[in-house]
Amino acid sequence: MRLDFLRSERLPNIWCPGCGNGIVLRALLEAISQLQLDPDKVVLVSGIGCSSRAPAYTAFDNVHTLHGRAIPTATGIKLANPDLSVIVLTGDGDCSAIGGNHLIHAARRDVDITVVVFNNYNYGMTGGQASPLTPAASITTTTPSGNMDRPFDLVNLATGAGATYVARSGIYFTKHLVDHLRKAISHRGFSLVDAVAQCPTYYGRFNRKGSAGQMITSQKDWMVLKNVADKKNPEELAGKVVIGEFVNIIGARQADIDAAKEQS
Amino acid sequence: MPERKSYKITHYRKWCKNCGICVAVCPKKVYEIDRNDRHAIVHPQDCIGCQMCVDHCPDFALTVEEVKDE
């Protein structure tokens, strides 16, 4: 990672000790340095939430927008100047609850932006309330006897809405995460990376997941690589989260346009 | 037998929040939590330069560099 991508005068960051957001941010900066992008041509857009503080620590141009409205802003930036690499950093609630509609419609339109979801399974900034990605039966501030609702599967949601690159990774597997972030940024079309992070202060404490170190190393136990999971039965995968690349369609938009022209 | 490489671990104490992630992820137990609940580099000679602690530090507080003999 290039340290000059960080605004070192703004550090230390405001995140709690052991927060996973810093690890996702580091992986993103690593991916940008590996791609050798021009720092002047990278724009980070964020909404509201713990994760949305991330662009403020980087030396790139960034926009801190309204809650959930990061994707429309990013769409506008991309339309105004298509040479820019526009990356949206958003949290699980910001992306799937408040900005859920924007997410599915950006995926449907196949806007050439990258969405990185810092998924810590709850609303960290406001005190650990349940988000649409909080797993069933998990304890949060608003679900003290366990979450009654089923969570969204963000990967299937984005795939169903028509995203052309969808991947999921965890912060324990940093090399895997950097790899998929790199692919997502260089992908032409809508790309989404669900980066499973951790919130040791709220989600971890309420659900007795142990210290930040235990939470991060436990990802080895409950995450399965996609090529391993494809060979297993659905019963064996109960309670596990599959990580890897789910969708990677190159030139989808062009194929649609060509097919429509042939028909007419 | 090839000579063992040695690594220099730099720890920016100003940025570190003592979350203990480096203690948990290090495969060679280079770090330990000391009695003041702060993490400390106790066995720097065991470091194999795998960069696990660097990649997992949320506060950008660690760097590991190979020491090159002149």
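In which strand of chain B is Val67(B) found? Val67(B) lies in strand E4 of chain B, which covers residues 62-67; helices (H or I, at least four residues) and strands (E, at least two) are DSSP runs, numbered from the N terminus. The structure is a predicted model, in which local features need pLDDT of at least 70, side-chain atom pairs count only at pLDDT 80 or more, and totals for chains, interfaces and linings use all residues. Residues are numbered from 1 along each chain as its sequence is written, while chains are lettered from A and ligands numbered from 1 in the order in which they are written.

For the complex, the predictor gives an ipTM of 0.90 and a pTM of 0.92. Chain B has an average pLDDT (the predictor's confidence in each residue, from 0 to 100) of 85, and 94% of the residues score at least 70. Among the elements of chain B, the lowest mean pLDDT, 77, belongs to strand E3 (residues 39-41), and the highest, 91, to helix H2 (residues 52-56).

Chain A contains 10 helices and 10 strands. The radius of gyration of chain A, 18 Å, is close to the 18 Å that the globule rule gives for 264 residues, so chain A is as compact as a globular protein of that length. This radius is taken over C-alpha atoms, and the globule rule is 2.2 Å times the number of residues to the power 0.38. The C-alpha trace of chain A spans about 55 × 50 × 30 Å along its principal axes. Of the 264 residues in chain A, 47% are buried. A residue is buried if 20 or more other C-beta atoms lie within 10 Å of its own, exposed if 12 or fewer, and partly exposed in between, with C-beta atoms placed from the backbone.

Beyond its neighbours within four places in sequence, Val116(A) is in contact with residues including Val24(A), Leu28(A), Val88(A) and Leu181(A); two residues are in contact if their C-beta atoms, placed from the backbone, lie within 7 Å.

Within H2(A), the buried residues are Ala70(A), Ile71(A), Thr73(A), Ala74(A) and Thr75(A). Among the elements that cover them are strand E1 (42-46), helix H3 (92-98) and H4 of chain A. The axes of helix H2 (residues 70-80) and helix H4 (residues 100-109) of chain A come within 8 Å and cross at roughly 35°. Axes are lines fitted to C-alpha atoms, for helices over the stretch in contact, and angles run from 0 to 180 degrees between N-to-C directions. Ile71(A), Pro72(A) and Thr75(A) of H2(A) meet His102(A), Leu103(A) and Ala106(A) of H4(A) in this contact.

The contact between the chains takes 20 residues from chain A and 15 residues from chain B. On the side of chain A that touches chain B, H8(A) gives the most, with 5 residues.

Val67(B) counts as exposed because 9 C-beta neighbours lie inside 10 Å. Val67(B) and Lys5(B), 62 residues apart in sequence, are 7.4 Å apart in space, C-alpha to C-alpha.
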